[in-house]
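Look over the sequence and the 3D structure below. Then use the briefing to find your way around.

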Amino acid sequence: MNYWLMKSEPDVFSIDDLKNRPKQTEPWDGVRNYQARNMLRDEMKKGDLSFFYQSSCEVPGITGIMEIVKEGYPDLTAFNPKHKYYDPKSKPENPTWYLVDVIFKRKLKRVITLTELRNKEQLHNMKLLQKGNRLSVMPVSKKEWDYILGLE
């Protein structure tokens, strides 16, 4: 099993939005970074767990846990000219962008803030905390995963 952190802006899609979806499941669409796309397409597997991280908000941090329930497949929003994630270079016969389906597992007992994560020596190697890292999808080690859950 692998562990991940996936970011979303709460005014676009929040942990509560996921919790309130039919079957509490949602395609994680709109990723438009090649490195993140490769993780979605090639590395995420059914059963993997991910932290739900809220970004670009007053208090960025980890708000919940979700599970990958469908492995990478083409992001159809890239083919729709009326969709905000449209990419005219991506074609159905040769898709550029991929997504996975996630299911809500649970909200954390509290938000574990970015500030708190930054102040933990045990997390100094975490991808999220590396200078210049702006990826919306990133791996989390088992050690980091367990440590963060212990902060709850």
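Predicted model: local features only at pLDDT ≥ 70, side-chain atom pairs only at ≥ 80, totals over all residues.

Residues are numbered from 1 along each chain as its sequence is written, and side-chain values use heavy atoms, with hydrogens and water left out.

**Fold**

- The chain has 4 helices and 6 strands. Helices (H or I, at least four residues) and strands (E, at least two) are DSSP runs, numbered from the N terminus.
- Along the sequence, these elements follow the pattern β-α-β-α-β-β-β-α-β-α.

**Size and packing**

- The C-alpha trace spans about 45 × 35 × 30 Å along its principal axes.
- The chain has a radius of gyration of 15 Å, which agrees with the value near 15 Å for a compact globule of 152 residues. The radius is taken over C-alpha atoms, and the globule rule is 2.2 Å times the number of residues to the power 0.38.
- Of the 152 residues, 45% count as buried. Buried means under 20% relative accessible area, exposed means over 50%, and partly exposed lies in between (1.4 Å probe, protein chains only).
- Take the contacts (heavy atoms within 4.5 Å) with a separation of 6 or more: residues 24 or more positions apart account for 74% of them.

**Largest pocket**

- The largest pocket holds about 870 Å³ of space. A pocket is an open set of points on a 1 Å grid over the protein atoms alone, where a 1.4 Å probe fits, with protein on both sides within 12 Å along at least five of seven lines. Its volume is the space filled by probe spheres set on the points, which are joined across faces, edges and corners.
- Its lining has 32 residues, and Lys7, Ser8, Glu9, Ser55 and Ser136 lie nearest the centre. Lining residues have an atom within 4 Å of a point.
- β1 (3-8), β2 (25-27) and α3 (114-118) each give two or more residues to this lining.

**Two residues**

- Asp16 sits in helix α1 (residues 15-19). Asp16 counts as partly exposed because its relative accessibility is 33%.
- Pro22 lies in the loop between α1 and β2. Pro22 is exposed, since its relative accessible area is 66%.
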